[in-house]
Structures are given as structure tokens and as C-alpha cells.
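Me: Hi! Could you walk me through this structure in plain words?

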Amino acid sequence: MIEPGATIGILGGGQLGRMTALAAARLGYRCHVYCPERESPATLVTPFATTAGYDDRAALARFAEAVDVVTFEFESVPADTAEVLAEKRPVRPGPAALRIAQDRLKEKDFLHSIGVATAPYRAVAGIDALGRAARDIGPQAVLKTVRGGYDGKGQVAIRPDSDLAAAWREMGAEIGILESFVDFVCEISVILARGTDGRWAAYVPVENRHAHHILDTTIAPARLAPQVATRAEAIARHIADRLELVGLLAVEMFVTATGEVLVNEIAPRPHNSGHWTIDACATSQFEQLVRAICGLPLGSPERHSDAVMKNLIGAEVEGWREALAEPAARLHLYGKGKPVPGRKMGHVTRLLPRRS
Ligand code: AMP
């Protein structure tokens, strides 16, 4: 067990790292943030920080010496970085989960290999392969980059009349994945914590609504038939078990009109759709991450309230005064300075009486 007083190393300096560091501090841990940016949301809340590139071996060695356990707050941290650190300190979740989550093709292949349903997909490595894949998959599809895409970046919608060569150029990478378009009724996610002893705790499935490909609103809980909610949780648990994951796993899924649940993406880290847990649950996703990676007992994921979490994107953050005036609203700002269009500047969670 890594006891309170120890130092947690966090790779990445964004808001997820910031909220993890705040939760860790409440339990008496120190956090040391490692990121290339000099000032970041996470480094603003802890005095222990390393500003260096993810390939800086000397800085990584010093960081490993300074911490007791390592986690990461975004999955684009190079897996090699996690592997270098894993030689010296426990890295939780491990580099293997990171490798899978940062490559859409590896991710889909892994899910397929463990019997988890996804949209039909094909790997595509050029315009000719794209033509063949489009014939296999069907005329409505989404072309995505295999690596580095998030918030809808590197994605191109394919329709029956699309110019495939133009779509390939627009995607802009050497390898992509073509997925059939899922006509979903809603998008949901399940966040689950899994401890060093394999015990787990899952938050109720939530509904996620996007605007311009960026998460806009999370509704907790999602209004789902009980068997769909149970299936979604079972899928998340199965994935976490097969990854032997220690930490947090977020699983994004599509629910179709017939109640089918298809996995879109997995993220082995805190997730934007779990921010509501800070204000509405006995244990937040961030505290749960700290507990899991330090080998502490997991907390209760029970909610005392229902909640609607609204991201404050770009200039929306200027509504912070109004949010402060609402009795049921909980405001979280990430310390990012001037609003930038499309950037997540903060969020507001509005608490509602629990309905079920
Ligand atoms: P992603 O970056 O894969 O999470 O995709 C961003 C968003 O694009 C998702 O949350 C969906 O709203 C939409 N999307 C992605 N893949 C598909 C798909 N195969 N079918 C329908 N919508 C999709």
C-alpha cells in the first residue's frame, strides 16, 4: 500500500491532472506533475513539477526518484515514457493499457479479441484500401486517424456521394480506420475503478451530449432500460478485467434503438464525463483513482444526487458569475486564463434530487 504522505507522479498537466492532484491532496498525498508546458492547470495546484519533454530520459529518471507511483491524465503520453518509468516505479494503469487506448486500431482489435461489440471497422492504409473498406463497411461511415485524434479531430464523415480521395486527404494521416456510422439513440459512458486486488467500483452509466464533436453536457444517470445499464456496466468491467487495469477506465458507448451497446472508445484515466462525481457522489472519480493506484480500499461510487454537468467551452466560461449565483450549481474553473475557442475552460455541475 502506498500510504498518505507519499508522492503520486502525474504525467500530463491538464485539468484532469489538476483535479486528481486536488483529490490526492485531500487524502494527504503530494503530487508531482510532469509535463512539457511551463504553466499548466495541474502545476498551478502543486509545488512539485517537472517541465520537460516526454522523451527526456534524464528528467524522467529524476521524476521516478521523486515519486512513489505514476499515473497519467491523458492517453497521448508516449507509451515508451510509461515503460521507462515502469522500470523504476509502479505505473498505474500500466503501459499496455496506454498502448491500446492511444491507437484506435489496436483498441478496436483488442475489443474484438475479447468479444466486445463495436461498429464494424477496417484498417485503411491508402486511397485504394479506403475504396475497398467503404464497399465492405457500407456507404455511411466515419474515417478516423488511428493515433492522436480527440474531440473529433482527424475525423471525416463518409456519405454515399463522398469523394473518397478528398476524404483521405482531409484525414491527413498515413493510416486510418474506417468505421461504419452508428445511428445511435444516445451516447453513454461508464467509469469504473479497479484496485490492485481486482476489486472494482463502477459509477452509474451517464448520457453524453456533444456539440461540434466536443463533450458539452453529461446527464447522470442516463435514462436507460435497466438491462441496458447492466450490460454497459458488465462491458466496462470485462474490459478492465482483461486489461488487468489498476486505476480508472472510462468506456464510451453508443446505444442503438434496439438496445444494442457498442463500444466507441476506452480511456484508462479520469474522464470528462465523470466530473459530476465530484459533487454528486460519495467518492469522486479522482479520489477513486488515487485510492486505486495507491492500493487503498475503493470508495463508494453511490450518488447522493442526480446531476447535469455542463462544460464551459471557450467564451462560455464568462458565465461564471451567474453559475456562482445558482444554489444548486457547483462551479469548477481550470485556471487556463483567457478563453480560447473550443478549449475546455471549466465546468458547472447542477445537482438535482435523486430520482431512482
Ligand atoms: P471519437 O473521437 O471516436 O470519440 O468520436 C467523437 C464523436 O464522433 C463521438 O462521440 C460520436 O458522437 C461521433 N462518432 C464517432 N464515431 C462514430 C460512429 N462510428 N458512428 C456515429 N458517430 C460517431
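**Aromatic pairs, salt bridges and a sheet**

Reply: Happy to. The structure holds five aromatic pairs, and please keep in mind that this is a predicted model.

Me: Nice. How are the rings of Tyr54 and Phe74 placed, by centres and planes?

Reply: Their centres are 6.1 Å apart and their planes stand at 50°, so the pair is tilted. This pair links distant parts of the chain, 20 residues apart: Tyr54 sits in the loop between β3 (48-51) and α2 (57-66), and Phe74 sits in the loop between β4 (69-72) and α3 (79-86).

Me: And is Tyr54 buried or exposed?

Reply: Tyr54 is buried, because its relative accessible area is 13% and the buried class covers values under 20%. Phe74 counts as partly exposed, at 28% relative accessibility.

Me: Which residues make up the aromatic cluster?

Reply: One aromatic cluster is formed by Tyr34, Tyr54, Phe63 and Phe74.

Me: What about Tyr203 and Trp276, how far apart are their ring centres?

Reply: The centres are 6.4 Å apart with the planes at 75°, so this pair is edge-to-face. Tyr203 is in the loop between β10 (200-202) and β11 (206-211), and Trp276 is in the loop between β14 (261-267) and α9 (277-280), so parts 73 residues apart in sequence are tied together. Tyr203 and Trp276 are both buried.

Me: Switching to charges. How many salt bridges are there?

Reply: A search of the whole structure gives 21 salt bridges. One of them joins the side chains of Glu287 and Arg26, at 2.8 Å from N to O. Here too the partners come from distant parts of the chain, 261 residues apart: Glu287 belongs to helix α10 (residues 285-293) and Arg26 to helix α1.

Me: What does Glu179 form a salt bridge with?

Reply: Its partner is Lys108, and the closest N and O atoms are 2.7 Å apart. Glu179 is in strand β8 and Lys108 in helix α5 (residues 104-113), so the pair ties together parts 71 residues apart in sequence. Both Glu179 and Lys108 are buried.

Me: And Lys310, where does that one sit?

Reply: Lys310 is in strand β15 (residues 306-313) and Asp216 in strand β12 (residues 214-220), so their pair ties together parts that are 94 residues apart in sequence. Lys310 and Asp216 form a salt bridge with the closest N and O atoms 2.9 Å apart, and both residues are buried.

Me: You mentioned β8. What is the strand order in the open sheet of four strands?

Reply: The order is β5-β8-β6-β7, and the pairing is antiparallel. β5 (121-124) and β7 (155-158) are the edge strands, each pairing on one side only. From one strand to the next, the twist averages 20°.

Me: How many bridges are there between β5 and β8?

Reply: Four bridges, in the antiparallel sense, with β8 spanning residues 176-180. As for Arg122, its bridge partner in β8 is Leu178.

Me: Last topic: which residues form the nonpolar patch on the surface?

Reply: Leu22, Leu44 and Val45 do, with about 230 Å² of accessible area together. Leu22 is in helix α1 (residues 15-26) and counts as partly exposed, at 46% relative accessibility.

Definitions and conventions: Residues are numbered from 1 along each chain as its sequence is written. This is a predicted model: local features need pLDDT of at least 70, side-chain atom pairs count only at pLDDT 80 or more; totals for chains, interfaces and linings use all residues. Side-chain values use heavy atoms; hydrogens and water are left out. Patches are made of residues with over 30% relative accessible area and no salt bridge: like charges are joined within 9 Å, nonpolar side chains (Val, Leu, Ile, Met, Phe, Trp, Tyr) within 5 Å. Accessible areas come from the Shrake-Rupley method with a 1.4 Å probe; for residues, only the protein chains shown count as cover. A salt bridge is a side-chain nitrogen of Lys or Arg within 4 Å of a carboxyl oxygen of Asp or Glu. Helices (H or I, at least four residues) and strands (E, at least two) are DSSP runs, numbered from the N terminus. Buried means under 20% relative accessible area, exposed over 50%, partly exposed in between (1.4 Å probe, protein chains only). Rings of Phe, Tyr and Trp (its six-membered ring) pair if their centres lie within 6.5 Å; planes under 30 degrees apart count as stacked, over 60 as edge-to-face and the rest as tilted. Two strands pair if DSSP finds at least two bridges between them. Axes are lines fitted to C-alpha atoms, for helices over the stretch in contact, and angles run from 0 to 180 degrees between N-to-C directions.
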